[in-house]
Amino acid sequence: MKAKYKRILLKISGEALSGASGHGFDSESLKSVAEQILEVAKLGVEVGIVVGGGNIWRGRQGLNMDRVTADQMGMLATVINALAVSEALIGAGADARVLTSIEISGVGEKFNHKVADRYLKEGKIVVFGGGTGNPFFSTDTGASLKAAEIGADALLLAKNIDGIYDSDPKINPNAKKFDELTYDEYVARGLRAMDTSAVVMCKENGLKVHAFGLSDKNSIVKAVAGDKEGTVIY
């Protein structure tokens with residue numbers, strides 16, 4: 001199988017790591033993700049990863065909490081997930097590094113785009129934790145920012161549903177799935193599968209987005225090979 005991209009930023013939803021439970025970690029899901037990423041790396045693709053935190057913490061979760069504090073907790077959740085994915089990758093035989101946007105001594109290295117670029121060129125898989133490092137920004141925006149900073153060829157969104165729909169398919173059984181969308185169409189339709197600010201950032205940097213279901217067999221490998229399952233935003 002031939003890879004379509006030289007360097008990618010893979011965004012994995014936190015919920016996709018939790019299996020059927022919807023929270024915490026599922027060992028089989030982690031193992032599957034790690035094995036697929038390792039297969040992609042063996043194709044010569046340089047892989048950066050951002051993991052969401054929804055399996056641990058999302059928003060204020062009904063608590064009367066300051067937004068900044070809640071977002072800081074969310075950023076820490078993404079660091080926990082970055083460590084989990086990194087360990088799964090190392091267990092599968094990969095050379096992985098964790099870089100964090102917030103400094104946490106002894107946990108990961110502080111993000112520096114030159115260090116990330118060097119690691120990627122050396123064939124290491126780099127897992128980014130901590131989002132943007134600032135409140136009021138989602139991990140979608142953090143992923144688009146990291147993709148731009150490392151000069152990725154594409155942003156791949158591995159989600160817990162198989163693409164982008166005009167409404168939530170879990171609620172609306174008649175929801176329509178899109179095969180392709182332009183950045184402007186996505187914004188004009190008011191879609192919410194990915195934050196508008198993240199889509200605009202991808203447009204400004206000419207970064208193609210491919211959203212697909214992580215539960216599909218070998219979905220990450222197929223996406224890297226240019227398979228059009230899911231939804232492409234360009």
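**Notebook: pockets and sheet**

I began with the second largest pocket, whose lining consists of Ala16, Ser29, Ser32, Val33, Gln36, Lys159, Asn160, Leu214, Ser215, Asp216, Lys217 and Asn218. I note for myself that this is a predicted model. Helix H1 (residues 27–42) gives the largest share of that lining, 4 residues. Sorted by class, I have 3 nonpolar, 6 polar and 3 charged residues there. Its volume came out at about 240 Å³.

Next I looked up the largest pocket, which holds about 1200 Å³ of space. It is lined by 43 residues, and I found Arg58, Asp140, Arg192, Ala193 and Asp195 to be the closest to its centre. Which class leads in this lining? I saw at least two lining residues from each of helix H2 (67–91), helix H4 (139–149), strand S6 (154–159) and strand S7 (164–165). H2 makes the largest contribution, 6 residues.

Then I turned to the sheet. I traced 9 strands in an open sheet with mixed pairing, in the order S4-S3-S5-S2-S1-S6-S10-S11-S9. Strand S4 (109–110) and strand S9 (180–181) are at the edges with a single partner strand each, so one side of each has no neighbour in the sheet.

Last, I followed the helices. H1 packs on the sheet and touches strand S1 (7–12), strand S2 (46–51) and S5, with its direction at about 170 degrees to that of S1. H2 lies across S2, S3 and S5, and I noted about 165 degrees between H2 and S5.

Note on methods
Residues are numbered from 1 along each chain as its sequence is written. This is a predicted model: local features need pLDDT of at least 70, side-chain atom pairs count only at pLDDT 80 or more; totals for chains, interfaces and linings use all residues. Side-chain values use heavy atoms; hydrogens and water are left out. On a 1 Å grid over the protein atoms alone, a cavity is a set of points where a 1.4 Å probe fits but cannot get out, and a pocket is an open set with protein on both sides within 12 Å along at least five of seven lines; lining residues have an atom within 4 Å of a point. Grid points are joined across faces, edges and corners, and a volume is the space filled by probe spheres set on the points. Ala, Val, Leu, Ile, Met, Phe, Trp, Tyr, Cys and Pro count as nonpolar, Asp, Glu, Lys and Arg as charged, and the others, Gly among them, as polar. Two strands pair if DSSP finds at least two bridges between them. Contact means heavy atoms within 4.5 Å. Axes are lines fitted to C-alpha atoms, for helices over the stretch in contact, and angles run from 0 to 180 degrees between N-to-C directions.
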